[in-house]
Amino acid sequence: MANEVETISTFEFTNVVPAKVEAPGLDELVANTDAMLKKYREFPVVEENYDQAKKTRKELRDTVENIATTRKDTEKKILTQWSDIKAKIMGIEKSGKKADELMTKQMNVVEEARKEKRQQVITNEVTKIASDNGIDVSRIEFNPKWVNVTYKHGDMVAEIEAQITSLKKDDELKALQINQIEADAGNLAVESSPYVSMLDYRDSADIRAQMKRDIEIKKAKEEAKKEAQLEAERKQKEREENATKIGDKLVDEDGEVVTPVQKSEPEVFTRKLIVTGTREQLKAVAKFMTDNNIKFGGE
């Protein structure tokens, strides 16, 4: 193939012999280091012995520097050949890492494209399964793991079907709740739609209780309004009764003209009723309606 590359050959070291370095007395020196350095750590530096302290510190520095120089010189003697070999090997490693980074960068682009393509394939499959079951796909919670090539297809389908089953149960329950609310609203003669819309964030029993509370509040407001109206009419009537007639006008004790309250005609309602009873009972009902000037009759 045109894109094939030759594999980099590996190598191995030959004639690798551990360096033999002897340092008589080093272990003893290490063991006694703290004791030997104690006089330097505890040297009391004051104004009177500053010059002596300076000489003592130089002695300490020279000793440490001599030890460091001995170590570095020994390393050079042991690693002279190794330094060149190490530099060449590290050069190969560095070049290899750069090639790796370049390939990885290009592979990431391909992998991202594959991921997007798989994402679309999975999305299409989820949409089909949801559609076949009469569920809006937007209600399905998409699991990011479904896009992974290692994720089992059967597990994905099982998860989707489990969600669909749960959603259908939720829909059935909501339908029952809607029917109950609509029935209660019908019995109470109120509009059901505002209460049905509450199901998205409130419990069904709470909504039905709210319906009754709203009716009680409305009734209380109407009664209060009626009481206020009756009270206003009573006061107006009292003003009329206490007013003095001057010409064709009524004037109260403050000299203000009193306008008689125009009595409004009572509101008339029409209802279709089906009355069931004996002949005598129906005659009694008809008589009651006639006596109270209630109009009735067939269509």
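Helices are here DSSP runs of H or I with at least four residues, numbered from the N terminus. In this predicted model, helix 4 spans residues 153–188 and is followed by Ala189, whose phi is positive, near 60 degrees. Helix 4 has 36 residues, and the distance from its first C-alpha to its last is 52 Å, close to the 52 Å expected at 1.5 Å a residue. The buried residues of helix 4 are Met156, Val157, Ile160, Ile164, Leu167, Ile181, Asp184 and Ala185.

Elsewhere in the model, helix 2, which comprises residues 33–41, packs with helix 3 at an angle of about 150 degrees, the two axes lying 10 Å apart. Because angles over 145 degrees count as roughly antiparallel, helix 2 and helix 3 are therefore assigned to that class, and helix 2 passes helix 3 in a left-handed crossing. The contact is formed by Leu37, Lys39 and Tyr40 in helix 2, which meet Thr56, Glu59 and Leu60 in helix 3. By class, three nonpolar, one polar and two charged residues take part in this contact of helix 2 with helix 3.

Thr56, which lies in helix 3 (residues 50–132), is one of the residues that meet helix 2. When neighbours within four places in sequence are left aside, Thr56 is in contact with Tyr40 and Phe43. The relative accessibility of Thr56 is 14%, and because residues under 20% are classed as buried, Thr56 counts as buried.

Definitions and conventions. Residues are numbered from 1 along each chain as its sequence is written. This is a predicted model: local features need pLDDT of at least 70, side-chain atom pairs count only at pLDDT 80 or more; totals for chains, interfaces and linings use all residues. Side-chain values use heavy atoms; hydrogens and water are left out. Helices (H or I, at least four residues) and strands (E, at least two) are DSSP runs, numbered from the N terminus. Buried means under 20% relative accessible area, exposed over 50%, partly exposed in between (1.4 Å probe, protein chains only). Contact means heavy atoms within 4.5 Å. Axes are lines fitted to C-alpha atoms, for helices over the stretch in contact, and angles run from 0 to 180 degrees between N-to-C directions. Angles under 35 degrees count as roughly parallel, over 145 as roughly antiparallel, 65 to 115 as roughly perpendicular and the rest as oblique. A crossing is left-handed if the near helix is turned anticlockwise from the far one by less than a right angle, and right-handed if clockwise. Ala, Val, Leu, Ile, Met, Phe, Trp, Tyr, Cys and Pro count as nonpolar, Asp, Glu, Lys and Arg as charged, and the others, Gly among them, as polar. The expected span of a helix is 1.5 Å times one less than its number of residues.
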